[in-house]
Amino acid sequence: MSAARIAIVTSQAGMEWDTDLPLILESLRAEGAAATAVAWDARDVEWGGFDLAVIRSTWDYAERVGEFVAWAERAGGLTRLWNPASVVRWSSDKRYLRDLAGRGVPVVPTRFVEPGAAYDEEGMAALLDAGAVVVKPAVSAGAFDTARYEPEQHADAARHVRSLLDRGRVVMVQPYLRLVEEGERALVFVAGAFSHAIRKGPVLTESGVIDNARVPHPGVAPYQPSEEELTAALAALAAIPAAEAPLFARVDLVLDESRRPTVMELELIEPNLFLGDRPDGLKRLVDAILAKAGAAGH
Ligand SMILES: Nc1ncnc2c1ncn2[C@@H]1O[C@H](COP(=O)(O)OP(=O)(O)O)[C@@H](O)[C@H]1O
Ligand SMILES: [Mg+2]
């Protein structure tokens, strides 16, 4: 049998900053696979020449989401793509939180505002009546264009909402879950099974400020999730509209004011999987990738 040809799909930023990437490539090569890092938007890539393409650090997709989803659909028709294009499409827009809520998964209470909606003073006041709020776009990553506002800063929050709507973005307004300051939990799953978890500090350390240079994962530390957290994360995974479990998934949870774990986001496209200090997690992922490549029938 010839070596499995595997593309680990990344971006310019990913090539530079993705610390999981070299580990995955090295481990796959040590197992005899022909693994290469390829930027999703690189020209002249023959995706059909790979037995498998695994999306990992396509960290520039949010600003070009239409192009990215179209790429995933095209690549998915030429090679086996994980996570699959349909899952990429569904999870690229955080309106999937509604689907999760509809399936009984505890999620951060969210109001979505569509561009074109006329929000007068009164409408805006009603939208922001949750006390301290977070405003962010529905298609986003890395805390881009995301900010929190205390009640006395609601005029700034309203400006933020309007500026996103003016740029044609769907906007999300959520209560600011203050217990994020005790740590957001990120639970990593490989082929549907829990692998490992980390805890990270709050990203929106200052209120009233949009700062796109923020560190998206401050103060990462290993974490052992509670049973309740595992249950919430598994419920989120079970709600993904796909027949097969995702190759990889990260479920980010924050405790609400009654200390109940709630889903902040379900990362199925390009999450950092924090494999650096987790050789066990790396092995699980690499084994799962090799299994998918083998199943490609070469
Ligand atoms: N409702 C919220 N309450 C508290 N913190 C939040 C809230 N929404 C976002 N944050 C903070 O902003 C960060 C980025 O938001 P998130 O929804 O995870 O989007 P992204 O896709 O950009 O990671 C989170 O990791 C968290 O620190
Ligand atoms: Mg996040």
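Student: Why does ligand 1 lie between domain 2 and domain 3?

Tutor: Domain 2 (96–106 + 178–267) and domain 3 (111–175) both give residues to the shell around ligand 1, so the ligand lies between them. Domain bounds come from an automatic or database domain assignment. This is a predicted model: local features need pLDDT of at least 70, side-chain atom pairs need 80 or more, and totals for chains, interfaces and linings use all residues. Residues are numbered from 1 along each chain as its sequence is written, chains are lettered from A and ligands numbered from 1 in the order written, and side-chain values use heavy atoms, without hydrogens and water.

Student: How many residues surround ligand 1?

Tutor: A residue is near a molecule if one of its heavy atoms lies within 4 Å of it. Here 19 residues surround ligand 1. Lys94, Lys136, Ala143, Glu184 and Glu265 are the closest.

Student: How does that shell divide into nonpolar, polar and charged residues?

Tutor: Ala, Val, Leu, Ile, Met, Phe, Trp, Tyr, Cys and Pro count as nonpolar; Asp, Glu, Lys and Arg count as charged; the others, Gly among them, are polar. The shell has 11 nonpolar, three polar and five charged residues.

Student: Which residues have N or O atoms by ligand 1?

Tutor: A polar contact is a pair of N or O atoms within 3.5 Å. A polar side-chain atom of Lys94 lies 2.6 Å from an oxygen atom of ligand 1. For Gln174, a polar side-chain atom is 2.9 Å from a nitrogen atom of the ligand. Val203 uses a backbone N or O atom, 3.1 Å from a ligand oxygen atom.

Student: Which peptide bond is cis?

Tutor: The bond from Trp82 to Asn83 is cis, with omega near -10°.

Technical notes: A polar contact is a pair of N or O atoms within 3.5 Å; within protein, one must be able to donate a hydrogen and the other to accept it, and residues adjacent in sequence count only if both atoms are side-chain atoms.
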